[in-house]
Amino acid sequence: MTNKSPDEKIMKPYLRKLLREHRALNRLIDTTKAIGASEDVKAMKRLRLRLKDKITALQRHYYRRGLPG
């Protein structure tokens, strides 16, 4: 049995939460585009990019270190 560090116990659920938020934001952007609110779409796309950057950085850090998927 492998003991997970407290850091791993926190980070895996946090990564899953960020991924859910990113998917939800994608759906919201699609919906907002359909009604033509271009300024709102731009702001949401910036937020989506920041989320994706954070997800990517955390995945690189933890998976490169061998955090089990």
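A polar contact here is a pair of N or O atoms within 3.5 Å; within protein, one must be able to donate a hydrogen and the other to accept it, and residues adjacent in sequence count only if both atoms are side-chain atoms. Keep that in mind for Thr32: a polar atom of its side chain sits 2.8 Å from the backbone oxygen of Leu28.

Some ground rules before going on. This is a predicted model, where local features need pLDDT of at least 70, side-chain atom pairs count only at pLDDT 80 or more, and totals for chains, interfaces and linings use all residues. Residues are numbered from 1 along each chain as its sequence is written, and side-chain values use heavy atoms, with hydrogens and water left out.

The fold itself is quick to describe: two helices and zero strands. Both kinds of element are DSSP runs numbered from the N terminus, with helices being H or I of at least four residues and strands E of at least two. Thr32 belongs to helix α1, residues 6-35. Helix α2 covers residues 38-64, and its end C-alpha atoms are 38 Å apart, which agrees with the 39 Å that its 27 residues should span at 1.5 Å a residue (the expected span is 1.5 Å times one less than the number of residues).

Back to Thr32, which is buried at 9% relative accessible area. Buried means under 20%, exposed over 50%, and partly exposed in between, using a 1.4 Å probe and protein chains only. Leaving out residues up to four places away in sequence, Thr32 touches Ala37, Asp40, Val41 and Met44, where contact means heavy atoms within 4.5 Å.

Now for the inside. The largest nonpolar core has eleven residues, including Ile29, Val41 and Met44; such a core is a set of buried Ala, Val, Leu, Ile, Met, Phe, Trp, Tyr and Cys residues joined through side-chain atoms within 4.5 Å. Helix α2 gives the largest share, six residues.

Then there are the charged pairs. A salt bridge needs a side-chain nitrogen of Lys or Arg within 4 Å of a carboxyl oxygen of Asp or Glu, and the count comes to two. Lys17 pairs with Glu21 at 2.6 Å, both in α1 and four residues apart. Lys42 meets Glu39 at 3.5 Å; Lys42 is partly exposed at 45%, while Glu39 is exposed at 55%.
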